[in-house]
Amino acid sequence: MVLFDSSISPLTHSAKLSSPLLLSSLSHRPLRYAVLGAGFAGLSVAWHLLKESPKDLNLHIDLYDEMGIGGGASGVSGGLLHPYSPKVKLLWRGAECWKECMKLLSIAEQAVSSEEDLVSLSGEFGQDFGGILDRRRGIIRPATNMKTLNVLNDNAKNCLANCKIEIIDKNAAEKLVPHIHMPFNLAFYMPEAINVNSKYYLNALFLACQNIVKELSASSFGKKNLCLQKKSVYELRELEGEYDAVIICLGAKADLLPELAGKLPLRTCRGVILHLQLPDNIGEDYPDHGPSILSDAWLAIKGNRRLDLGSTWEWKSRNSSSNVSTDEASDALQELLPKASAIYPGITSWSFARARAGLRAMPPLTPHGSLPLLGCVNNILGNDLICKYWLLGGLGSRGLLYHGWLGKLTAEAVLSCNEQIIPSELTSWKNKDSRP
């Protein structure tokens with residue numbers, strides 16, 4: 001239960017408040033929001049609703065997820081963070097995405113800065129990273145195709161100043177990763193790119209949400225409250241009349257809601273990630289300064305003797321379980337290991353430890369690339385609805401990059417009850433019959 005701090009978005013000033021916010025302010029009743037999903041999207045929305053709402057607003061947020069914080073695909077994510085396409089082209093609105101993601105990473109790191117919180121979270125989620133939230137050693141992408149070499153070179157020249165792309169030769173690459181294979185003696189190195197411990201980060205961001213509620217509880221203005229509800233919502237109509245707004249951040253599971261089934265232009269894709277480790281009898285560790293590697297398969301380095309190898313792409317799968325059978329893990333290893341060893345031959349010395357999987361919600365291709373789906377969906381759900389329903393979905397395999405900026409946009413749209421503040425490229429899906 002809390003109040004709010006002094007940073008108020010211009011979009012939430014009283015002149016732009018929607019009638020629900022005005023009524024809540026006048027009556028002093030709490031404005032009630034439900035956020036469905038506690039992955040990247042849901043936690044970003046929850047944080048920004050708390051942070052961007054007016055300080056005198058009474059606000060109650062229920063965060064629904066039967067699996068808890070990061071229990072779905074977000075918590076399984078490999079965590080490689082950069083704003084570029086496989087051809088090292090800056091993604092649409094990549095600068096905004098990178099900026100807002102860096103802010104949330106900093107907020108999460110601050111939340112676990114106390115020794116007690118750090119020990120608690122790192123003990124449960126941070127073992128693979130040596131008790132830290134992220135590994136900042138950059139990412140390297142060797143050139144593997146002569147046909148795209150010129151395109152890669154041109155794209156790299158238009159990189160962000162705060163996430164540079166350096167074009168390096170074999171000698172420079174081998175200083176970073178000894179014995180790395182360079183088919184064309186050229187690689188693209190992103191020194192500021194990050195490898196995030198996704199599960200640890202999500203729990204740290206939830207802790208940040210809890211902290212802001214506590215910090216504001218002593219204020220004399222409006223009260224804020226955030227509750228994690230570890231249960232499923234099977235139908236949106238369960239929530240009708242209980243909340244002023246519902247924000248759907250369920251990823252691939254959004255299509256399981258009967259009110260949205262078959263109405264979203266999303267494709268599902270299951271991805272398996274393999275956790276590998278160096279056996280005790282292998283003496284040569286992965287270098288401390290060594291970056292993660294992008295190629296036909298990616299290697300997310302978690303430490304000197306631990307890495308993640310990903311990922312498979314099983315299109316049209318409906319299997320959202322994070323558990324991986326022995327056969328599925330074996331198939332993934334047979335598919336991914338040759339791709340990885342073509343660039344990093346040393347991986348053949350690593351042994352399989354375990355595997356995890358997640359179900360991605362992949363958005364349709366647009367002239368700007370594959371963009372997530374945002375906006376109010378009341379027009380899809382039908383008439384005579386008391387509650388406002390919003391969607392933040394289709395983040396695909398870029399949930400970590402997108403979640404900061406898109407969560408902030410969604411929260412501002414919800415608070416102002418104004419979809420127009422969302423770029424039209426993210427809401428235009430509603431104007432098309434582009435169902436899968």
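## Strand pairing

Two strands are taken to pair if DSSP finds at least two bridges between them. In this predicted model, strand S1 (residues 31-36) and strand S2 (residues 59-64) are joined by six bridges and run in the parallel sense, with Leu31 standing opposite Leu59 in S2.

## The six-stranded sheet

S1 and S2 belong to an open sheet of six strands, ordered S9-S2-S1-S10-S20-S19, in which the pairing is mixed. Strand S9 (224-229) and strand S19 (373-376) stand at the edges, and because each has a single partner strand, one side of each is left without a neighbour in the sheet. On average, and with direction ignored, neighbouring strands of this sheet are turned by 15 degrees against each other.

Two helices pack on the sheet: H8 touches S2 and S9, its direction making about 145 degrees with that of S9, while helix H11 (residues 399-416) touches S1, strand S10 (245-248), S19 and strand S20 (388-393), its direction making about 170 degrees with that of S20.

## Nonpolar cores

The largest nonpolar core holds 84 residues, of which Tyr33, Leu49, Leu81, Tyr201, Ile247 and Leu426 touch the most other members. Helix H8 (residues 198-216) supplies the largest share of this core, with 12 residues. A second, separate core of 31 residues includes Leu176, Val177, Val324 and Leu336.

## The chain and its confidence

The protein chain has 12 helices and 20 strands, and 54% of its 436 residues count as buried. The mean pLDDT is 89, with 88% of residues reaching 70 or more; over residues 1-19, however, the pLDDT is below 50, although this stretch has 58 contacts in the model beyond near neighbours in sequence.

Methods. Residues are numbered from 1 along each chain as its sequence is written. This is a predicted model: local features need pLDDT of at least 70, side-chain atom pairs count only at pLDDT 80 or more; totals for chains, interfaces and linings use all residues. Side-chain values use heavy atoms; hydrogens and water are left out. pLDDT is the predictor's confidence in each residue, from 0 to 100. Contact means heavy atoms within 4.5 Å. Helices (H or I, at least four residues) and strands (E, at least two) are DSSP runs, numbered from the N terminus. Buried means under 20% relative accessible area, exposed over 50%, partly exposed in between (1.4 Å probe, protein chains only). A nonpolar core is a set of buried Ala, Val, Leu, Ile, Met, Phe, Trp, Tyr and Cys residues joined through side-chain atoms within 4.5 Å. Axes are lines fitted to C-alpha atoms, for helices over the stretch in contact, and angles run from 0 to 180 degrees between N-to-C directions.
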